[in-house]
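Reader: I'm just starting out with protein structures, and a whole model is a lot to take in. Please pick one spot, look at it closely, and then show me what lies around it.

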Amino acid sequence: MKKRVKMHRILTILIFLSVMVPMLAPITMVQAKKSKSKNYWPKLSEEITAGAAILMDVDTGAILYKKNINKVYYPASITKILTTLIAVENSSMDEVVTFSRDAVYKTGGSGIARDVGEVMTMEQCLYAVMLESANECAYAVAEHISGSMEDFVKLMNQKAKSLGCESSHFKNPHGLPDEKHYLTAKDMAVIAKAAYENETFRLICGTKRYTIPPTNKHSDPTYLVNHHKMLYPKDTAAYLYDYCTGGKTGYTNAAGNTLVTYAQKDGMTLVAVILNGASPQYWKESRALLDFGFENFNLCNVSDCFESEDNDEEQKYDTLNTNDPYAQIDPQARIILPKTVNFSKASMEISYKNLPDQVLAQLIYTYGKRPIGTANIVRTRTTEAPKEDVQQNSIAGKDSLEESNKGKTESKADNDETKVKEQENSEEKKENPNTDNKQKKPGFFENIKNFDINDVVSGITNWFANIKVELSPQILIIAGGIILGIVLIIVFRVLYDKSYLIRQKMANYRNRKRARRQYTIIRDTRRTKRGKWRKR
């Protein structure tokens, strides 16, 4: 009997496996097909030796190339991009900045030799910060804006968080070494993108030479040149890049060479970030990243692509609708795609979260799970869409222009009648407020009379028909673990039945366990008896 029960258990487990395995087999095959048919994305042929690197499109924020973009490194002087952005947003260029003792003596490294009490304008200070990487000027700017360097650092961290930087922290405005002053390549690209959207920042970082006139401490003018060798041949012209529009350099022993480079070509603006690089490779690698972006990607205007795809349908409706649309896709919105990929291959989702004014919705585009840009649906008219426009669109493509005009006049008359009826109904509601509720809510017996079993059956079948099995890798791993556990149980059970040694060891273990329990019971009873005898 025991053997029959065991065999019955094994057969039930095998039947369960025979049912589950065929169900999971087609699902795993679908996953394999998806992995083989990945969406095409160009690959950089050259090797990047820097610790981290990223190439981002400034217009869309799409990442075209990445290497260790979430790994933390020291930024060195490219920190000054965030310093300059905050200064531009929180001051005017003609404000007067006075250099304190801390600004002059608590900063080493690169600078333009300013003196205590020297006076310069904010514009002159920022040119010195971005072109000559002047540390004392960055410190003086921070004190001027926030009152102290510590308060300015708080402003830097707040600004970074507002831009979406999650893995960066700043301790000073100039980038001199500090263990708690670090960032990632992705966060630096996000900061650089936000800075380049500011017109004043673009003008400063793209300037090749600048002259500071004599000040109250210096009788001679101070000449500044941009240290970015892809923009200006400071020491050599070997690294000049025709499409470079600006950037910022950085170097410390702890950070190595860091570099941010902006470039523009054929209406596309890219930013390349290098962290923990080595000279002179980081110049060549920045150039390789930018060439890779310009040669393999294109910007697509979303509204133009929509018009080209829906041209046939629009021809049917445009002749009947002479009014301006209530909303439209932002004509400046663009997404980026590989040159060999058509716009129709991009996936789109509609979002209604955190929308600015005059924006009704946002179209979020992805390609192969990669974000490639967004497009806003903007309101073109401040008033609500009139009913006449809605009626025109509903009969478009069916009736002629004359019939649609007749519909307008009829709709006006209908609107007048509906208004009169609404007023009469409102008066009746005031007199008899409970009548409306009685009419709207049918009774229990009426619901039973109207009950139809066919509707229920059709609803259930539709629900099952709309079920889509979408299994993620995690679900497949869990299912595989369950199957593996069942198989191990079966194997152990078979070995247990066939092996005499295993059964003998299990029996000995049970006997020892029973003996220990009996011993503890006898011992406890003896102790209790002894205690009673002693009390007596």
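**A loop and its neighbours**

Author: Let's begin at asparagine 198, which sits in the loop between H7 and helix H8 (199-205). Here, helices (H or I, at least four residues) and strands (E, at least two) are DSSP runs, numbered from the N terminus. Keep in mind that this is a predicted model: local features need pLDDT of at least 70, side-chain atom pairs count only at pLDDT 80 or more, and totals for chains, interfaces and linings use all residues. Residues are numbered from 1 along each chain as its sequence is written, and side-chain values use heavy atoms, with hydrogens and water left out.

Is asparagine 198 buried or exposed? Its relative accessibility is 18%, so it counts as buried. The cut-offs are simple: buried means under 20% relative accessible area, exposed means over 50%, and partly exposed is in between (1.4 Å probe, protein chains only). Which residues does asparagine 198 touch, leaving aside its neighbours within four places in sequence? They are Leu85, Val88 and Glu89, where contact means heavy atoms within 4.5 Å.

That leads us to helix H2, which covers residues 80-89. H2 is mostly covered, with nine of its ten residues buried. Those buried residues are Lys80, Ile81, Leu82, Thr83, Thr84, Leu85, Ile86, Ala87 and Val88.

What does H2 pack against? One partner is helix H7 (residues 185-196): the two axes come within 10 Å and cross at roughly 35°. Axes are lines fitted to C-alpha atoms, for helices over the stretch in contact, and angles run from 0 to 180 degrees between N-to-C directions. The crossing of H2 and H7 is left-handed. A crossing gets that name if the near helix is turned anticlockwise from the far one by less than a right angle, and it is right-handed if clockwise. On the H2 side, Ile81, Leu82 and Leu85 take part, and they meet Met188, Ile191, Ala192, Ala194 and Ala195 of H7. By class, this contact has eight nonpolar, no polar and no charged residues. For these classes, Ala, Val, Leu, Ile, Met, Phe, Trp, Tyr, Cys and Pro count as nonpolar, Asp, Glu, Lys and Arg as charged, and the others, Gly among them, as polar.

Helix H5 (residues 135-146) is another partner of H2, with axes that come within 11 Å and cross at roughly 35°. This crossing, too, is left-handed. From H2, the contact uses Lys80, Thr83, Ile86 and Ala87, while H5 brings Asn135, Ala138, Val141 and Ile145. In this contact of H2 with H5 there are five nonpolar, two polar and one charged residues.

Now look inside H5, where you will find alanine 140. Apart from neighbours within four places in sequence, alanine 140 is in contact with Val97, Phe99 and Ala103. Alanine 140 and methionine 120 are 20 residues apart in sequence, and their C-alpha atoms are 9.9 Å apart in space.

Cysteine 137 is in none, and its nearest cysteine sulfur, that of cysteine 125, is 5.0 Å away. Cysteine 137 is buried, with a relative accessible area of 0%. Cysteine 300 is in no disulfide either, as the nearest cysteine sulfur, belonging to cysteine 305, is 4.9 Å away. Cysteine 300 is also buried, at a relative accessible area of 16%.

To finish, visit a few loops with backbone features. Most residues other than glycine have a negative phi, and most peptide bonds are trans. Asparagine 68 has a positive phi near 50° and lies in the loop between strand S2 (63-67) and strand S3 (72-73). At 38% relative accessibility, asparagine 68 is partly exposed. Alanine 113, with a positive phi of about 60°, is in the loop between helix H3 (101-105) and strand S5 (119-121). Alanine 113 is exposed, with a relative accessible area of 55%. Lastly, serine 279 and proline 280 are joined by a cis peptide bond, with omega about 0°. Proline 280 lies in the loop between strand S11 (268-277) and helix H9 (281-296).

Note on methods:
Disulfide = S-S within 2.5 Å.
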